[in-house]
Amino acid sequence: MSTLFTALPAAAGALTDAGQTSTAEAVLFWTLGPLMVLAALGLLLARKAVHAALAVIFIMISLAFMYVAQGAEFLGVVQVVVYTGAVMMLFLFVLMLVGVDRSDSLVETIRGQRWVGVLAGLGLGVVLAGVVGRATYGPPVGLVDANAPSNPEAVAYLIFGRHVLAMEVVGALLVTAALGALVLTHRGRLTAKVGQRERAERRLRDGGHPVSLPAPGVYARHNAMDVPALLPDGSPLDSSVPRVLRVRGQEADAREYAARIDRVLAGGWAVGAGTFTSDDEYRGGPGGAVAGGVVMRDPAAGPDAPVDGTDAPTHDEEDGR
Amino acid sequence: MSGLATVLGALPTAVGDGAVAPVTADFSQDVFWVWLVKAVAIIVFLLTSVLIAIWFERRVVARMQVRPGPNVHGPLGLLQSLADAMKLLVKEDVTVKAADKFVYILAPMIAVLCSLLVFAVIPFGPEVSIFGVVTPLQLTDFSVAVLYILACAAVGVYGIVLGGWSSNSTYPLLGGVRSTAQVISYELAMGLSLVSVFIMAGSMSTSQIVDSQTQVWWFLPLLPAFVIYLISMVGETNRLPFDLPEAEGELVGGYTTEYSSMKFAWFFLAEYINMLNVSAVATTLFFGGWRAPWPISAINDGMFNTGWWPVLWFVAKVWMFMFLFVWIRGSVLRFRYDQFMKIGWKVLIPAALGWVVCVTLVQGARQLWDVDLRTLLFVLAGVVAVGLVASFLVPERTPEPEPEPTGPQEIDPFAHGYPVPPLPGQVLPPSPRAQRRLAATDPGDPSGPETPLEVRGG
């Protein structure tokens, strides 16, 4: 590929005095030309809007190659920067929101629209053929003269010299269009804007939580939204469970999980391994706790209340270390 | 891959003849195999640099966070990124079933291809002799080389955008949309900051810009443009604090979420090559390119600015910018999306525009009255200093206390013949029905309805 790319322009010569292009440029044209026609057909026939946009991008970049091959390197590169890089990107921005699975519907919404379209297309073709066929070209000056002293400078002389009025008018038109869009979409505010800062201040004034709510309890063997976090004294913190779960009554009992950790810390992990809190031998039956099972603390007894039966550290003390 | 760039560079030489006048580098000696050697060298340089950059970033960030970083594979953990690359190579290549397969595969290719193109116009050094052929250490150069870099960057973003769209999944799509908006806004600021360099250097060819920095590197006289470029280059490469297209806290992995194995590795590669690209552009346009820093450049009549030495300075400067990237990542938090957009549109672009106007005025004055640049700069620095001192003398304006809001005022909405909504702080009188109900329930209470119809919020 690289060989082709480098050898191709090297063999190319300048535009001859007779106005003929070189062989290399002809090869470039006849390679890119059919591909561009295929891409243009793809634009018409593609079912998905993004595929059509891709075809347009391909044509734009190929056109840039052609411009550069004809000595208009500034035009070629600026075409990619402005049209491919900005305008087409904005198009894609809107098209992308349509989604991958959607494709254009081919149902005719306006009766006879298709035939009108075909007729108008044919008419445009006839006009174009007439104009292009009858056009006459002046004698070629040669690219050296056209591009003197360099391509960007020559373009600059044309734009800001001979065609400066047209440029300014187009610029004014574009600015007007942008301002018009701004004015049309502008909405006057009745009240002051309520931003993040104002909302935070109002929340504090109303006595709300200053920062985000505490995260739900996360334990080594059960990591879930429905388990409340525990306060330092071991009591569950209701606001740490999402409100929806609380309303539905799907909140888990924090003491089960706290107790399980206590049991693990006490060395009873081997008994309960692979069991669930719903298992009876794990929780202990109505007759009391089984050996090595759950060691429950009474949350009402306060943080300093001894854990009955063991001296093992509680999970709270573990956390506090 | 750099062949494309070669064409762009070589086409005008071959076809347009005189079109390459404002390019300093002389490529007339180049033959086919010299191009090939240079292109291969650039690819090898980029790929190895990426491997080192990943290791470098992880080590430096680790040092900043007081932990060792990768230190197991190879000396100092140097082979870690090689191991990671191998892992990515042999992982299962998952193609999402609901994806648009053609675009899904095309997207990472676009990203990598475009990132590889930029280095073709970056000058590594002045003319050297390669196997008897005297040639500049640069693959190609032409009169719009820097615009070509911008074009490659612009097309490269299609990789991210299309990758996000074709995955047919919400988070990648959000990442792709964010990336579109981000790149359009930051490319404007970046392009505008580069314009001032074009004006001062009088050219858009990279070799000519390096040549114009013989006396002074542009980052000093064009400091505002340099700062704007630094900010927008971080935004352009999707790096922290601007990595919103792949913000893992919000979008899982952004546009890379549905990519795995080699296809993910290509995106990864493109991101790191892009870091090298923008660093190299910053070096070339603002930091003197391959020129040696001042005390060294004076040694032995500029000996270190000739031959192969400049490659060393160039690579060192590029890695200085790479360190800057890592430093920023290690110290700055991610922006919120609206703040990020606000900085781009309301700060960077107006500042860049204003700066371009200033530079144009200065350059115009230089050409009109034939003033020496150094004199002009000193005069301008004096003016700025005087302005700064004067700004300290101006007393600071204290904001006027806001008037206390008075209670809600009842208005007659039909005062002027047709109904008008209440303004902030005004309430409507209770409706006739509410008045009747009020009169029925509590005839003695003259106050309005329980909930006054005051306008709240925006």
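These are my notebook entries on a few things I looked up in this predicted model.

**Entry 1: chain B as a whole**

I started with the secondary structure of chain B and found 15 helices and four strands. Next I checked how much of the chain is covered: of its 458 residues, 49% are buried. I also looked up the contacts in chain B with a separation of 6 or more, and 77% of them join residues 24 or more positions apart. The accessible surface of chain B came to about 22,700 Å². Carbon and sulfur atoms account for 67% of that surface.

**Entry 2: a nonpolar patch**

Which residues make a nonpolar surface patch of about 740 Å²? I listed Val31(B), Phe32(B), Trp33(B), Leu36(B), Val37(B), Val40(B), Val44(B) and Phe131(B). I then picked out Phe131(B) and found it in the loop between strand E1 (125-130) and strand E2 (133-137) of chain B. Is Phe131(B) buried or exposed? I noted it as exposed, because its relative accessibility is 71% and the cut-off for exposed is over 50%.

**Entry 3: the largest pocket**

I turned to the largest pocket, which has a volume of about 2,200 Å³. Its lining is made by 48 residues. Nearest its centre I found Phe74(A), Val78(A) and Val82(A), together with Leu192(B) and Val195(B). H4(A) gives the most, with 10 residues.

Val66(B) is not a glycine, yet its phi is positive, at about 55°. I found Val66(B) in the loop between helix H2 (32-64) and helix H3 (80-90) of chain B. Asn238(B), also not a glycine, has a positive phi of about 55°. Its loop runs between helix H8 (223-236) and helix H9 (248-251) of chain B.

Which of the two labels, buried or exposed, goes with Val66(B)? Val66(B) counts as exposed because its relative accessibility is 76%. For Asn238(B) the relative accessible area is 4%, so I put this residue down as buried, the cut-off for buried being under 20%.

Definitions and conventions
Residues numbered from 1 in each chain as written. Chains lettered and ligands numbered in written order. Predicted model: local features only at pLDDT ≥ 70, side-chain atom pairs only at ≥ 80, totals over all residues. Heavy atoms only, no water. Patch = residues over 30% accessible without salt bridge, like charges linked within 9 Å, V, L, I, M, F, W, Y side chains within 5 Å. Areas by Shrake-Rupley, 256 points an atom, 1.4 Å probe, with all protein chains shown as cover. Salt bridge = Lys/Arg side-chain N within 4 Å of Asp/Glu carboxyl O. Helix = DSSP H or I, 4+ residues; strand = E, 2+ residues; numbered from the N terminus. Buried < 20%, exposed > 50% of the residue type's maximum accessible area, 1.4 Å probe, protein only. Contact = heavy atoms within 4.5 Å. 1 Å grid on protein atoms, 1.4 Å probe; cavity = no way out; pocket = protein on both sides within 12 Å on 5 of 7 lines; lining within 4 Å. Points joined across faces, edges and corners; volume = space filled by probe spheres on them.
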